Amino acid sequence: MSANSAVLTSNVAALRAKSTKRSAQQAAKQKILPPAARKALFFFCIVLCATPYLSAPVALLGGFLFTFLLGHPFPKLSGKATGMLLKASVVGLGFGMNIQSALQVGREGLWLTIASISTVLVLGYVIGRWFHMRRKMSHLVASGTAICGGSAIAAVAPAVKANEKETSVSLGVVFLLNSVALLLFPLLGHWLGLTQHQFGLWSAIAIHDTSSVVGASSAYGSEALNVATTVKLARALWIIPVSLLSALLFRSSGKKVSIPWFIGFFIVAMLLNSYLPFVGMFNTQLVTVSKAALVVTLFLIGSSLSVEKIRAVGFKPLLLGVLLWAVVSVGSLLAILYLG
C-alpha cells in the first residue's frame, strides 16, 4: 500500500469514527426524551419566548442548552427562516421610532462608525499577517466585527471569493462572540453606570449582529433600544462600500453585493409612524409583537449553536476575533464616555 493510500484510509477511518460517535451522542439524547416529546417541548419553548417572561439573553442561552442537552429536533431548520424573522422584527420596531430623533442619533454615531470600521479593518489585516492566517479569513473576521456580524461576512465572502471553510469559520467566530456580547454587555452597562443613550450607542458600535444589538439594548431599556437600532442599521449600510472595496482589493470582479433591503422597510416604518397619525392606533401592538418575535429569533439562533461548531472555529481566528472585539469595545466606550 502506498503512503497516499494509507493516509486516505486513515482519514476515512477517522471520519467514520467521528460519524459513529456523533450518531451515538444523538441516540443517547433521544433516549432522554423521545423525538415527538422533544419537538413538542421545542415548540413550547418557542411559545414561552414569545411571552414577556423571558428576556433575549435567556432565550439565546436556553436555545443553546436545549440543543446541548436534548439535541435539535429540527436539525434542518432553515437559517433563511430565522433571518426573515429577524428582519421582520427589526422592521416592526421601526413603528416605535420617530424619524427626527433617528436622524439626530444617526449623525451622532456617524464619526464613531467611520473610525471604528476603519480601525478594525486595518488591524484585522495587520494582526492576521502577524498570526500567519489566510488573508481572506482574517478579512472576513474583521469585516464581521467592523460592520454587522454574519450579514457582513455573507456579503463580503463572495466578493473576495472565500471558500466554504473560510466563510464558516469566520461566521463561527463572530457568532460565538456575538452570543457572549448579548449576555455580557447589559451587565457591564449597569456596572459602568451607562445611561440608556450611552449604552444604545455603545452596543450598536461594539456588538456584531443586529439580533444581539437589539436583544441587549431591549434588555437595557426602551431609549437604548431606539438608539441602538438606528445606529446599527445605519452602520449596516457600510456593507455596500466595504464589499466593493473588498472586491477591488482581492480582484474579484463581477460579484454582486448583497444589499440589506430590510433597512429600507425600517425607514419606511419610521416615516409612517412619524407623519401618519392613524399609525398610532396600532404601532404599540406592532412593536410588542416585534419584540416577542426577536426573542423567539434569538432562541432559534441559540439552538443552532453546538459544541462541535465552537470547536471547529480554531484558535487563531478566535483570538483574532477577540482582539478586534476588545479594541472596538474599549475604544468606542472611551470615546462615548470622554469625547461625548
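Trainee: Where does His72 lie?

Mentor: Before placing any residue, bear in mind that this is a predicted model, in which local features need pLDDT of at least 70 and side-chain atom pairs count only at pLDDT 80 or more, while totals for chains, interfaces and linings use all residues. Residues are numbered from 1 along each chain as its sequence is written, and side-chain values use heavy atoms, with hydrogens and water left out. Helices (H or I, at least four residues) and strands (E, at least two) are DSSP runs, numbered from the N terminus. In those terms, His72 lies in the loop between α3 (56-70) and α4 (79-93).

Trainee: What polar contact does the side chain of His72 make with another side chain?

Mentor: A polar contact is a pair of N or O atoms within 3.5 Å; within protein, one must be able to donate a hydrogen and the other to accept it, and residues adjacent in sequence count only if both atoms are side-chain atoms. The side chain of His72 has such a contact, of 3.2 Å, with the side chain of Ser303.

Trainee: How many helices and strands does the protein have?

Mentor: The protein has 16 helices and zero strands, and buried residues make up 47% of its 340 residues.

Trainee: Which residues does Ser89 touch, not counting residues up to four places away in sequence?

Mentor: Contact means heavy atoms within 4.5 Å. Ser89, whose place is in helix α4, touches Ser290, Ala293, Leu294 and Thr297 once residues up to four places away in sequence are set aside. At 2% relative accessibility, Ser89 counts as buried. For the protein as a whole, among contacts between residues at least 6 apart in sequence, 83% join residues at least 24 apart.

Trainee: Where does Gly215 lie, and what is it in contact with?

Mentor: Gly215 lies in helix α10 (residues 210-220) and is buried, with a relative accessible area of 0%. Leaving aside neighbours within four places in sequence, Gly215 is in contact with Ala56, Leu182, Leu294 and Leu298. Gly215 and Leu60 are 155 residues apart in sequence, yet 9.5 Å apart in space, C-alpha to C-alpha.

Trainee: At what angle do the axes of α10 and α11 cross?

Mentor: Axes are lines fitted to C-alpha atoms, for helices over the stretch in contact, and angles run from 0 to 180 degrees between N-to-C directions. Angles under 35 degrees count as roughly parallel, over 145 as roughly antiparallel, 65 to 115 as roughly perpendicular and the rest as oblique. The axes of α10 and α11 come within 7 Å and cross at roughly 160°, which means that α10 is roughly antiparallel to α11. Among the residues making this contact are Val213 and Val214 of α10 and Leu225 and Ala228 of α11.

Trainee: How do helix α9 and helix α11 cross?

Mentor: The axes of helix α9 (residues 196-206) and helix α11 (residues 222-236) come within 7 Å and cross at roughly 30°, so α9 is roughly parallel to α11. For classes, Ala, Val, Leu, Ile, Met, Phe, Trp, Tyr, Cys and Pro count as nonpolar, Asp, Glu, Lys and Arg as charged, and the others, Gly among them, as polar. By that scheme, the contact of α9 with α11 has eight nonpolar, five polar and three charged residues.

Conventions
Buried < 20%, exposed > 50% of the residue type's maximum accessible area, 1.4 Å probe, protein only.
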